[in-house]
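I opened my notebook to get to know a new structure, and these are the things I looked up. Come along and follow the entries with me.

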Amino acid sequence: MTRLPGTYESYWMETAKGPEHPPLAGALDVDVAVIGAGVAGVSTAWELARAGRRVALLEADRVAAGVTGYTTAKLSAQHGLAYARLRKASGVEGARQYARSQQDAVEHVVEVAAELGVDCDLERVPAYAYVEAAEAADELRAEAEAAREAGLAASVVSDTGLPYGVAAAVRVEDQAQFHPRTYLLALVADLVAKGGVVHERTRVVSLDEGEPCRLTTEGGAEIVARDVVVATHYPVFDRAGLFSRLEPRRELVVAGVLPADQDPHGMYLTQEQGTRSVRTAPYGEGERLLIVTGEQFTPGAGEVSGRYERLAAWTRERFPDVRITHRWAAQDNTTTDKVPFVGPFHPGARHVYVATGFGGWGMSNGVMSGRLLTALVTGDEPPAWAGLYDPRRLHAREAPALLKVQGTVLKHFVGDRLRPSHVDSIDEIAPGTGAVVRVAGRRCAVYRDESGAAQAVSARCTHLGCLVHFNDAERAWECPCHGSRFATDGSVLQGPALRPLEPRPLPGAEESESGTG
């Protein structure tokens with residue numbers, strides 16, 4: 001296999017370890033159970049504890065170690081070319097509400113970090129959306145006008161801190177970047193100090209929406225709670241058809257050491273060239289860590305190693321003195337109208353709430369979600385922008401995007417089954433790679449490790465049954481329908497799937513039989 005740049009590890013995970021919290025054993029009775037300990041879950045749990053609620057934070061893996069641990073950690077109200085689209089779809093007032101809610105989240109993190117005395121490498125910097133193609137400059141000017149009208153300090157510039165030229169850029173002042181795990185681990189410590197409980201390795205697998213609500217974990221523990229918040233990135237329960245209104249996407253990250261005098265002093269984003277995002281973070285003396293994100297793709301799309309190579313080549317071309325040290329990947333979901341779902345889980349929900357669909361802007365949206373959901377749970381007057389994010393909304397303008405999402409799912413659910421197999425025989429699978437192959441008439445996801453030993457699991461995602469595909473760079477099985485991810489042994493890495501892929505035997509005499517399955 002091709003040797004990829006850097007070590008596969010998130011810089012945030014490497015530099016902020018955090019304490020362990022015990023799995024839940026037995027019964028638990030609380031005011032609010034928050035499922036999922038990423039930025040949205042941690043922010044919500046902390047806000048609720050500060051409001052005097054007895055809170056349990058339940059995480060299937062480790063706190064801030066899922067999507068949040070692999071973010072680029074831009075804390076910004078500048079979300080690419082969002083405001084011209086919002087103004088067209090929701091009017092000037094809708095765009096203003098979005099801007100206020102996002103900028104409020106930026107300022108809230110600054111205030112909370114100061115209140116708790118958290119040294120989370122917080123830096124105030126401008127955020128830029130830029131284009132290099134001159135013919136796209138008019139679109140940037142329209143975005144700047146819409147962002148200003150929405151209340152942001154936006155301007156059009158042609159000079160930036162980047163070491164290459166741009167045709168035009170929207171610059172928004174007073175944004176921020178930080179170390180997300182350092183910040184969130186401080187919130188978790190303060191949550192515990194306020195009487196909250198945190199349980200890691202505690203996967204919630206069932207939810208009964210009664211009064212009170214009842215939750216059951218994979219290990220058989222039971223939680224009783226008046227209110228429940230589902231903050232699992234992609235909702236692990238579907239009570240409102242949200243699966244049909246969310247589209248998963250994955251992006252790659254490379255990071256490396258750059259001389260401090262080459263710091264571009266800002267956060268940058270372009271939709272050109274498969275999307276490129278650039279920021280830096282404090283590193284060693286006289287150095288900065290350059291973090292570049294891009295190569296957006298649907299989970300399960302394949303050729304991930306080639307995508308990493310393209311991203312690394314672009315990074316070295318634009319920043320010749322960088323020394324790449326890390327690589328990782330981030331995943332998020334986008335709603336069909338590109339505005340997150342934050343609020344009551346479904347039209348009949350009285351005590352269950354959700355936060356999802358952050359569209360790549362999880363830091364500000366996660367913090368915003370914590371503040372909004374706390375107001376809804378406690379009965380305080382919600383902010384003016386609550387209706388903008390209400391998951392119960394459904395607009396006619398969503399129809400084309402909704403049909404596109406469902407068309408993609410149908411293509412994989414049906415089309416992948418019409419393929420005879422991804423390879424014809426287990427013998428074709430090279431060490432360190434995986435493929436779908438028929439074994440005794442059933443489609444199996446087979447991985448061969450570096451020693452040559454093969455391991456097989458069912459190729460059917462345990463969420464809704466789509467066939468998984470192999471990610472060669474991260475050595476994982478991915479569902480192209482809703483983004484569930486599994487380790488090579490079938491264990492769940494990322495939902496919405498709750499159950500692992502079932503193991504399959506590999507009898508040598510039957511390893512390439514054909515049949516139905």
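This is a predicted model: local features need pLDDT of at least 70, side-chain atom pairs count only at pLDDT 80 or more; totals for chains, interfaces and linings use all residues.

Leaving aside neighbours within four places in sequence, which residues is Y83 in contact with?

**Entry: Y83 and the cores**

I listed the partners of Y83 beyond four places in sequence and found A77, A95, Y98, A99, E143, A146, A147, A150 and L152. I then looked up the largest nonpolar core, which has 82 residues. Y83 is one of those with the most contacts inside this core, together with L57, Y183 and Y389. Helix 3 gives the largest share of the core, with 11 residues. I also noted a second, separate core of 27 residues, and A56, V204, A221 and A349 are among them.

**Entry: helix 3 against helix 7**

Next I asked myself at what angle helix 3 and helix 7 pack. Helix 3 spans residues 82-116 and helix 7 spans residues 362-378, and the angle between them is about 90°. Their axes are 8 Å apart. An angle from 65 to 115 degrees counts as roughly perpendicular, so helix 3 is roughly perpendicular to helix 7.

I wrote down who meets whom. From helix 3 come Y98, S101, Q102, D104, A105, H108 and V109; from helix 7 come S364, N365, V367, M368 and R371. I sorted the residues of this contact into 5 nonpolar, 5 polar and 2 charged.

**Entry: T374**

I stayed in helix 7 to look at T374. Is T374 buried or exposed? Its relative accessibility is 9%, so T374 counts as buried. Beyond its neighbours within four places in sequence, T374 is in contact with T44, E47, L48 and A51.

**Entry: T462**

I found T462 in the loop between strand 21 (454-458) and strand 22 (469-471). T462 counts as buried because its relative accessibility is 14%, and buried means under 20%. What does the side chain of T462 reach at 2.4 Å? I traced that side chain to the backbone oxygen of R499. Not counting residues up to four places away in sequence, T462 touches F486, A497, R499, P500 and L501.

**Entry: G117**

My last stop was G117, in the loop between helix 3 and strand 5 (123-131). G117 has a relative accessible area of 63%, so G117 is exposed. I also checked G117 against G294, which is 177 residues apart from G117 along the chain. The C-alpha atoms of G117 and G294 are separated by 33 Å.

How values were computed:
Residues are numbered from 1 along each chain as its sequence is written. Side-chain values use heavy atoms; hydrogens and water are left out. Axes are lines fitted to C-alpha atoms, for helices over the stretch in contact, and angles run from 0 to 180 degrees between N-to-C directions. Helices (H or I, at least four residues) and strands (E, at least two) are DSSP runs, numbered from the N terminus. Angles under 35 degrees count as roughly parallel, over 145 as roughly antiparallel, 65 to 115 as roughly perpendicular and the rest as oblique. Contact means heavy atoms within 4.5 Å. Ala, Val, Leu, Ile, Met, Phe, Trp, Tyr, Cys and Pro count as nonpolar, Asp, Glu, Lys and Arg as charged, and the others, Gly among them, as polar. Buried means under 20% relative accessible area, exposed over 50%, partly exposed in between (1.4 Å probe, protein chains only). A polar contact is a pair of N or O atoms within 3.5 Å; within protein, one must be able to donate a hydrogen and the other to accept it, and residues adjacent in sequence count only if both atoms are side-chain atoms. A nonpolar core is a set of buried Ala, Val, Leu, Ile, Met, Phe, Trp, Tyr and Cys residues joined through side-chain atoms within 4.5 Å.
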